[in-house]
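User: I would like to go through this model and ask what lies behind the terms used for it. Please set each value against its cut-off.

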Amino acid sequence: MVSEANFPPQTLLNGKENESYYRDSFLVNTSRRHLAAKYVYHSVFAYLPNFIYRLYKFRNNIAKRFNFSELTFPVYFQYNDIYQGRKIGLLTFDKISEAELVVVAYEKNMDIWVSVLRVTDTRFIISTLTNFKNKKGRIYMRCIQPLHQMLTKYCIKQALKGGRL
C-alpha cells in the first residue's frame, strides 16, 4: 500500500530546507520484514518502466529551455552499484545506513534530495526535498509536481506488485 504522508521529523533531510522549497512524502507498507533502506531504494528506482524513460526524454527537452541539467538514468543499476559517494546520472548517494538512504542532485536552479527512511519493520517513507535557487526552479517544479507525485507512487506500486517489497 502507498499513501501520502507527513514529512518525517527523523529524516536526515530535515534542516536542509532553504526559504523556498518543495517537499513531499509517501508511506510504503511492505509485506516483507527487516528490509534495509538501500534495498527499498533499489527495489523502487532500479526497475523503472520504459514509459518513464520516454518521459525523462520529454522532460529533458523541456529542461533545456530552462537551462536545467539533463537527467540520465541507466536502464537498470545493480544493488552493489549503490554505495556512499557513488554517482548515477545526476544523483549521488550521499548517506547510506540500514535505516535511511539519501541521494542528492545539485543543479543550477535547484538542489534535490530523496530519502528512503525505515519507520518500522514493514513501513518506509520515501521523501523528496527540493530547494529552489531561483524563479526558474520554482516554475519548473510547479509544472512537474503532479507528474512527479504520480510517477513516484507508480514506481512504488510496481515494486510492491512485482514482489520486490
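User: Which residues is Ser25 in contact with, leaving aside its neighbours within four places in sequence?

Analyst: This is a predicted model. In it, Ser25 is in contact with Ser3, Glu4, Ala5, Asn6, Phe7, Pro8, Ile125, Ile126 and Ser127, its neighbours within four places in sequence being left aside. Contact here means heavy atoms within 4.5 Å. Ser25 itself has its place in strand 2, residues 21-29.

User: Why does Ser25 count as buried?

Analyst: Buried means under 20% relative accessible area. Ser25 has 3% relative accessibility, so Ser25 counts as buried.

User: What makes the link between the side chains of Ser25 and Ser127 a polar contact?

Analyst: The two side chains are joined at 2.8 Å. The cut-off for a pair of N or O atoms is within 3.5 Å, and the value of 2.8 Å therefore meets the distance condition.

User: Why is Asn109 called buried, and where is its place?

Analyst: Asn109 has its place in the loop between strand 5 and strand 6. Its relative accessible area is 2%, and buried means under 20%, so the term applies to Asn109. The side chain of Asn109 also makes a polar contact of 2.7 Å with that of Asn134. Not counting residues up to four places away in sequence, Asn109 touches Phe66, Asn67, Phe68, Asn131, Phe132, Lys133, Asn134, Lys136 and Gly137.

User: Is Ala36 buried or exposed?

Analyst: Ala36 is buried: its relative accessible area is 11%, and the cut-off is under 20%. Ala36 has its place in the loop between strand 2 and helix 1. With neighbours within four places left aside, Ala36 is in contact with Glu98, Arg118 and Phe124. Ala36 and Asp121 are 85 residues apart in sequence and 9.5 Å apart in space, C-alpha to C-alpha.

User: What makes a set of residues a nonpolar core, and how many residues has the largest one?

Analyst: The residues must be buried, be of the kinds Ala, Val, Leu, Ile, Met, Phe, Trp, Tyr or Cys, and be joined through side-chain atoms within 4.5 Å. The largest such core has 31 residues, and those with the most contacts inside it are Tyr41, Val44 and Ile126. Helix 1 gives the largest share of this core, five residues. Tyr41 touches residues including Phe77, Leu91, Phe93 and Val116. A second, separate core of seven residues includes Phe68, Met110, Phe132 and Met141. In soluble globular proteins, nonpolar side chains tend to be buried together.

User: How do you know that strand 6 and strand 7 pair?

Analyst: Pairing requires at least two bridges. Strand 6 and strand 7 have nine bridges, in the antiparallel sense, so they count as paired. Across this pairing, Val114 stands opposite Thr128 in strand 7. The open sheet as a whole has seven strands in the order 1-2-7-6-5-4-3, with antiparallel pairing.

User: Why do strand 1 and strand 3 stand at the edges?

Analyst: Strand 1 (2-4) and strand 3 (87-88) each have a single partner strand, so one side of each has no neighbour in the sheet.

User: Which strands does helix 1 touch, and which does helix 3 lie across?

Analyst: Helix 1 packs on the sheet and touches strand 4, strand 5, strand 6 and strand 7, its direction making about 55° with that of strand 5. Helix 3 lies across strand 1, strand 2, strand 6 and strand 7, and runs at about 10° to strand 2.

Terms used:
Residues numbered from 1 in each chain as written. Predicted model: local features only at pLDDT ≥ 70, side-chain atom pairs only at ≥ 80, totals over all residues. Heavy atoms only, no water. Helix = DSSP H or I, 4+ residues; strand = E, 2+ residues; numbered from the N terminus. Buried < 20%, exposed > 50% of the residue type's maximum accessible area, 1.4 Å probe, protein only. Polar contact = N/O pair within 3.5 Å; in protein donor to acceptor, adjacent residues only side chain to side chain. Axes fitted to C-alpha atoms, helices over the stretch in contact; angles between N-to-C directions.
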